[in-house]
Amino acid sequence: MNDCPGDFPVYSSSSQNNGEIGRYGKYMFDDERITWSIDGGGKLFYRNGLKYSVTNVCGWLKVNDGNKLNTKFLYYLLFEEWTNIIFDYNHKAHPSVIRNEYQIPIIPLEEQTRIVGILDTFTFAIDNLKEQIAQRRKQYEYYRDQLVDLEGKPGVEMKTLGEMTKVLRGKRLTKNMLDEEAPYPVFHGGIEPLGFYSQYNREANTVMIINVGASAGTVGYCDRKFWSSDGCFCISQSDSINNKFLYYYLETKTHYLQSQVRHAGIPTLDNPVVEKIYVPLLTLSEQQRIVSILDTFEASIQNLEAQLKEREKQYEYYRNKLLTFE
């Protein structure tokens, strides 16, 4: 690929990024096929209407007779079966030859086409929602960056977090202390809860910064009481800072925070790095004005994500109903 640069996608074993690993100046195929990621868990992809290449760890399949089998119908069939396969990927990758892995029913071509039309309607709606979410996120990030880019602006005083607040480190819990029925989420090395606990050590509406693991440097915000472990810094509340404003501001510092993570052994972000971040000291009314604008974007994104989740559930339900022939 380095010796022959170009714009034609190359698909490999990855199940991420639509299976693409790069671009190439030549192509192997320009027809309708199905590919799957051999080492990436066997995820299937429908390829049509583009010129592309595949590597030795990407399987490909071409229908011999389009008058008997609709390629898109076959893709939906295989994908439905793949979602229900339990395969031991710890000991063996997905097979490179799948003749004996999947069983497909042969039904009239007209019925295949009808099913494809129904499922395509769902996938089009899902793709459209994903595109709306991506565009709304871009809008949100643009306005967020514009609204909180205040350093060096006339009349704006900057102070460090260490001067205005305290950067608190929590206490680790053992796994046997967690309880899924408990009321308070527990945060450790990520902004998704590790579990739940019967007590809390942080108030609602607290800003957190993950300080260990692959997510070190990631900024989060919890609108309910929670337990913070030693893998999660929390910013103490201050009368001069709106916590949601601080969250939005620190989000723009994510790349800087991640660049300061020590990677010798377990990735770790040190307390002094966080304490030395400069924050604009605005009036509370101005902070709230900015928060209100950005909250509107955030609520819009969450609404679209909820729609996407519901549409994906509908798609999975109808795919299962339409492609079950036993």
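This is a predicted model: local features need pLDDT of at least 70, side-chain atom pairs count only at pLDDT 80 or more; totals for chains, interfaces and linings use all residues.

Reader: How many nonpolar, polar and charged residues are in the lining of the second largest pocket?

Author: The second largest pocket holds about 650 Å³ of space, and 22 residues line it. Sorted by class, this lining consists of 11 nonpolar, 3 polar and 8 charged residues.

Reader: Which element gives the largest share of the lining of the second largest pocket?

Author: The residues nearest the centre of this pocket are N18, Y75, T123, D127 and K130. Two or more lining residues come from each of β4 (44-47), α1 (71-84), α2 and α7. The largest share is 6 residues, and the element that provides it is α2.

Reader: Which residues lie nearest the centre of the largest pocket?

Author: The largest pocket has a volume of about 780 Å³. At least two lining residues are supplied by each of α2 (109-148), β12 (219-222), α4 (243-251) and α7 (284-322). The lining is made up of 10 nonpolar, 3 polar and 10 charged residues. Of the 23 residues that line the pocket, those nearest its centre are I191, Y221, Y247, E298 and Q302.

Reader: Why is α4 described as largely enclosed by the rest of the structure?

Author: A residue counts as buried when its relative accessible area is under 20%. In α4 the buried residues include Y247, Y248 and E251. The helix is largely enclosed because the number of its 9 residues that are buried is 9.

Reader: At the start of α4, which residue has a side-chain oxygen that reaches to the backbone nitrogen of K244?

Author: K244 is itself one of the buried residues of α4. The oxygen lies within 2.9 Å of the backbone nitrogen of K244, and it belongs to the side chain of N242.

Reader: With which side chain does R144 make a polar contact?

Author: R144 is in helix α2 and is buried, with a relative accessible area of 10%. Beyond its neighbours within four places in sequence, R144 is in contact with Y248, E251, T252 and L294. Among these, the side chain joined to that of R144 by a polar contact of 3.0 Å is E251.

Reader: Is I126 buried or exposed?

Author: I126 is likewise placed in helix α2. Its contacts, apart from residues within four places in sequence, are L308, R311, E312 and Y315. The C-alpha atoms of I126 and G189, 63 residues apart in sequence, are 31 Å apart in space. Since its relative accessibility is 6%, I126 counts as buried.

Reader: What is the length of the polar contact between the side chains of T35 and R47?

Author: T35 belongs to strand β3 (residues 33-37) and counts as buried at 0% relative accessibility. Outside four places in sequence, T35 touches K43, L44, F45, R47, Y52, V54, C58, G59 and W60. Within that group, R47 also takes part in a polar contact with T35 through the two side chains, at 3.1 Å.

Reader: How many disulfides does a search of the whole structure find?

Author: A disulfide requires cysteine sulfur atoms within 2.5 Å of each other. The search of the whole structure gives 0 disulfides. For C4, the nearest cysteine sulfur is that of C58, 19 Å away, and C4 is in no disulfide. C58 counts as buried at 6% relative accessibility, while the number of disulfides found is 0.

Reader: What is the phi of N17?

Author: Most residues other than glycine have a negative phi. N17 lies in the loop between β1 and β2 and counts as exposed at 58% relative accessibility. Although N17 is not a glycine, its phi is positive, at about 55°.

Reader: What is the relative accessible area of N205?

Author: N205 is in the loop between β10 (195-197) and β11 (206-210). N205 is not a glycine, yet it has a positive phi of about 65°. N205 is partly exposed, and its relative accessible area is 34%.

Technical notes
Residues are numbered from 1 along each chain as its sequence is written. Side-chain values use heavy atoms; hydrogens and water are left out. On a 1 Å grid over the protein atoms alone, a cavity is a set of points where a 1.4 Å probe fits but cannot get out, and a pocket is an open set with protein on both sides within 12 Å along at least five of seven lines; lining residues have an atom within 4 Å of a point. Grid points are joined across faces, edges and corners, and a volume is the space filled by probe spheres set on the points. Helices (H or I, at least four residues) and strands (E, at least two) are DSSP runs, numbered from the N terminus. Ala, Val, Leu, Ile, Met, Phe, Trp, Tyr, Cys and Pro count as nonpolar, Asp, Glu, Lys and Arg as charged, and the others, Gly among them, as polar. Buried means under 20% relative accessible area, exposed over 50%, partly exposed in between (1.4 Å probe, protein chains only). A polar contact is a pair of N or O atoms within 3.5 Å; within protein, one must be able to donate a hydrogen and the other to accept it, and residues adjacent in sequence count only if both atoms are side-chain atoms. Contact means heavy atoms within 4.5 Å.
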